[in-house]
Amino acid sequence: MVTHIILWTLNPELTEEESRNVKAGIKEGLESLAGKIPGLTDIKVTTQGRLASSNCDVMLESTFQDESALQTYAKHPLHVQVADTKVRPYTVQRVCFDYEL
């Protein structure tokens, strides 16, 4: 199993309302990929409950059968569509940590 964690920082120019809408869109878009991409076994986006000590806005935690499945996910058209329409236009920083269980 491989775990894929992404942390994003939203564009600081977004209003509070825009930020809420963007977070909801990221969560809905990415979590909708469950069951649609081979090898993706779990996917969860966290946008709420963030403590003041946090320095990012959104967290993705997903699990894959193996590293090959993670690579497939990265290029899969459904994932690319979500990334290109709901994530990349609104984020200014991305941090990734992948590890094998």
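Author: Let's start with one pair of residues: in this predicted model, V2 stands opposite F64 in β3. Strands of a sheet pair through backbone hydrogen bonds, either parallel or antiparallel.

Now widen the view. The open sheet has four strands, and reading across it gives the order β2-β3-β1-β4, with antiparallel pairing. At the edges lie β2 (40-46) and β4 (91-100), each with pairing on one side only. On average, neighbouring strands are turned by 15° against each other, direction ignored.

Next comes the largest nonpolar core, which has 21 residues; W8, I26, L30, L33, L60 and Y73 touch the most other members. Two or more residues come from each of β1, α1 (16-31), β2, β3, α2 (67-75) and α3 (77-87). The biggest share is that of β1, with four residues. To see how this looks from one side chain, pick L30: leaving aside residues up to four places away in sequence, its contacts are W8, I43, V45, L60, Y73, H79, V82 and V87.

Finally, the cysteines. Searching the whole structure turns up zero disulfides. A disulfide is a covalent bond between the sulfur atoms of two cysteines. For C56, the nearest cysteine sulfur is that of C96, 13 Å away, and C56 is in no disulfide. C56 counts as buried because its relative accessible area is 15%, under the 20% limit. C96, at 33% relative accessibility, is partly exposed.

Technical notes:
Residues are numbered from 1 along each chain as its sequence is written. This is a predicted model: local features need pLDDT of at least 70, side-chain atom pairs count only at pLDDT 80 or more; totals for chains, interfaces and linings use all residues. Side-chain values use heavy atoms; hydrogens and water are left out. Two strands pair if DSSP finds at least two bridges between them. Axes are lines fitted to C-alpha atoms, for helices over the stretch in contact, and angles run from 0 to 180 degrees between N-to-C directions. A nonpolar core is a set of buried Ala, Val, Leu, Ile, Met, Phe, Trp, Tyr and Cys residues joined through side-chain atoms within 4.5 Å. Buried means under 20% relative accessible area, exposed over 50%, partly exposed in between (1.4 Å probe, protein chains only). Contact means heavy atoms within 4.5 Å. A disulfide is a pair of cysteine sulfur atoms within 2.5 Å.
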